[in-house]
Amino acid sequence: MKLNRLMMGAALAFGLTGAAFAQTSALSPTPPMGWNDWAHYECRYTADTILANARALVSTGLAARGYDRVTIDDCWMAKHRNAKGELAPNLKRFPHGIAPVAKAVQAMGLKFGIYEDSGSETCGGFAGSGEAPSGGHAHFKQDMRQFASWGVDYVKLDGCNVRVPEGVSQNDAYRKAYADASAAIKASGTKMIFLESAPAYFQGTPAWYDVLGWVGQYGQLWREGSDIAVYNPKHPSRSRFHSVEWNYVYNRPLGRYQKPGNWNDPDFIIGGDAGMSLAQTRSQVALWAMMSAPLVLSVDVAKLSPASIKVIGNKAVIAVDQDKLGATASLVRRTPSSDVLLKWLADGDYALAVFNHGKQPVNVDLPLTDLGFASAAACHLGLRNLWTGARQTDVHALKAQVLPDDTVIWRVRPSAACGDATHTGAIVMTVPGSWKDPAARKIDNYARCLSAKGAVERCRGDASERWTASATGQLHANGKCLAEADGQPTLASCAGSAAQHWIYRRNGNLVNAADHRCLGVVATKAGPMRWQMQTCGHNVATQIWSLPG
């Protein structure tokens, strides 16, 4: 695929080698899809609940669209193991055990997944697979054999109550637990997709990036941050969209950890459920598709409205999510009220989306050069609105109005004169410490944009925040190249020197090839943070960047 080679070439120039672009395994070549009980029911479910939702997946046609795996989350097991040391079902929820439920789900033509924990107890306080607090043997091999006997093909392994022995780092303890679980899955003789929750227990710490660096060796997807907001039956109409926005904003910059077969998981699709409007449902489905995120519903499927089913089951949007290139969308532009995203697709097309995260309608008017396409007069796009099916031809600028909380998504076919899009857009830094502050969990608070004026500031979407990452390791803005001169970052006429060559490490560091230091920022007494060349530290928050492309 030409675009695949193009993207790989650009990434290699910035140091994303090896595991970041390795060939995928066949186990999960596209993001998993399905249904899970947790975000709607938590522990308020029984075997009948699981089977009712399985039947609704089939009757609504969502299973035929790809939502064909049913996964039971926490609380299915008893507090303690049985006399044989095996996991036993919670008999109030599953009076006949798990095996009959699995068999009934599979008889509907669906797949069956299950939850466990890498610690001694699950997050709900039930029997886990990991070591006891005092040490001893874990139960991974025994449990994975038991799951295999039920026909399980998907295991979600949480990370509560993991034993961290004295003298062992939390990172190393989690890595050992998940490595042991992965080995147990392989030893079970059954191929199971493995969802790891390990990174979520490190979000907001330097070790977060270390964990994201190793999880792909053991599983196919991972929960890397905060959980999506769950349904509250006491307050059913309470909005849950804030958590969709938050999970989107922390997940999108992590595309460098993702490739076909290895997926960042920003958690469940709650679109269509209580607390989510139709516009918000469109936004979640579109944003998850633009990020190539798993599409796992966690709703009361039988209560989805026909309009919500139409959105969630939209074939064209699902195709964007399931595209075999597995790309995460580039952030073309961010303003205080909107994000513009561009995603490379395997057949040479692109997906383009505008998300309105403001309170008023947004009018977008972008020249094609802002999307990374050539300035040639003959360059034009064909657009197909994936919600309405409406087509536009001979488009020379992106013009659209998007209502609050909504997202418009198009499939884009450029004319031959456009060439391939360059990797053009915002360079974003996560604000240090913002994860711990609930008030900062907003798009314009969590991330800042790098300005060619030498500052890191609230994203405004102006020309100074538009960067192009070239295949030769250069970063262009305002017709000049980011360079190191006299120990400081600056913009200079592009000359191809080592001082203008940047190596992009997988943890997000931008390392200058001339002085081998990192591009970072330093706080000022007033105004935005200023850029600065710094000695590279270990996952220092002020040295971690998300690049376009």
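This report describes the open sheet, the helices packed on it, a helix pair, the disulfides and a strand hairpin of a predicted model.

Residues are numbered from 1 along each chain as its sequence is written, and side-chain values use heavy atoms, with hydrogens and water left out. Because the model is predicted, local features need pLDDT of at least 70 and side-chain atom pairs count only at pLDDT 80 or more, while totals for chains, interfaces and linings use all residues.

## The open sheet and its helices

Helices (H or I, at least four residues) and strands (E, at least two) are DSSP runs, numbered from the N terminus. Six strands form an open sheet with antiparallel pairing, in the order β9-β10-β11-β16-β13-β14, where two strands pair if DSSP finds at least two bridges between them. The edges are taken by β9 (330-334) and β14 (391-395), each with a single partner strand, so one side of each is left without a neighbour in the sheet. On average, and with direction ignored, neighbouring strands of this sheet are turned by 25° against each other; axes are lines fitted to C-alpha atoms, for helices over the stretch in contact, and angles run from 0 to 180 degrees between N-to-C directions.

Strands β13 and β14 run antiparallel and are joined by three bridges, and L381 stands opposite V395 in β14. Helix α8 packs on the sheet, touching β9, β10 (338-344) and β11 (350-356), and its direction makes about 135° with that of β11. Helix α9 (residues 278-290) also packs on the sheet, touching β10, β11 and β16, and its direction makes about 40° with that of β16. Contact here means heavy atoms within 4.5 Å.

The buried residues of α8 include F241, W246, Y248 and Y250, where buried means under 20% relative accessible area, exposed over 50% and partly exposed in between (1.4 Å probe, protein chains only).

## The pair α3 and α4

Two packed helices are described by the angle between their axes and the distance between the axes. Helix α3 (residues 47-59) and helix α4 (residues 99-107) pack at an angle of about 10°, with their axes 10 Å apart. The two helices α3 and α4 are therefore roughly parallel to each other; angles under 35 degrees count as roughly parallel, over 145 as roughly antiparallel, 65 to 115 as roughly perpendicular and the rest as oblique. In this contact A47, I50, L51 and A54 of α3 meet V101, A104 and V105 of α4. By class, the contact of α3 with α4 has seven nonpolar, no polar and no charged residues, with Ala, Val, Leu, Ile, Met, Phe, Trp, Tyr, Cys and Pro counted as nonpolar, Asp, Glu, Lys and Arg as charged, and the others, Gly among them, as polar.

## Disulfides

The structure holds six disulfides, a disulfide being a pair of cysteine sulfur atoms within 2.5 Å. When the bonded cysteines of the protein chain are numbered in sequence order, the pairing is 1-2, 3-4, 5-6, 7-8, 9-10, 11-12. The table gives details for some of the pairs.

| Pair | Sulfur atoms apart | About the S-S bond |
|---|---|---|
| C379 and C418 | 2.1 Å | 100°, right-handed |
| C449 and C459 | 2.1 Å | 95°, right-handed |
| C481 and C494 | 2.1 Å | 100°, right-handed |

C379 and C418 form a disulfide: C379 lies in the loop between β12 (362-367) and β13 (381-385) and C418 in the loop between β16 (407-414) and β17 (423-425), so the pair ties together parts that are 39 residues apart in sequence. C379 is buried at a relative accessible area of 2%, and C418 is buried at 3%.

C449 and C459 are likewise joined by a disulfide, with C449 in strand β19 (residues 447-450) and C459 in the loop between β20 (455-457) and β21 (467-469), ten residues apart. C449 is buried, with a relative accessible area of 0%, and C459 counts as buried at 4%.

C481 and C494 also form a disulfide: C481 lies in strand β23 (residues 480-485) and C494 in the loop between β24 (488-492) and β25 (502-504), so the pair ties together parts that are 13 residues apart in sequence. Is each of these two cysteines buried or partly exposed? C481 counts as buried at 0% relative accessibility, whereas C494 is partly exposed, with a relative accessible area of 38%.

## Strand β28 and its partners

Strand β28 (residues 529-534) runs antiparallel to β20, to which two bridges join it, and V456 stands opposite M529 in β28. Five bridges join strand β27 (residues 518-522) to β28, also antiparallel, and C518 stands opposite Q534 in β28. The hairpin of β27 and β28 has six residues between the strands, and in this hairpin G527 takes a positive phi near 90°.
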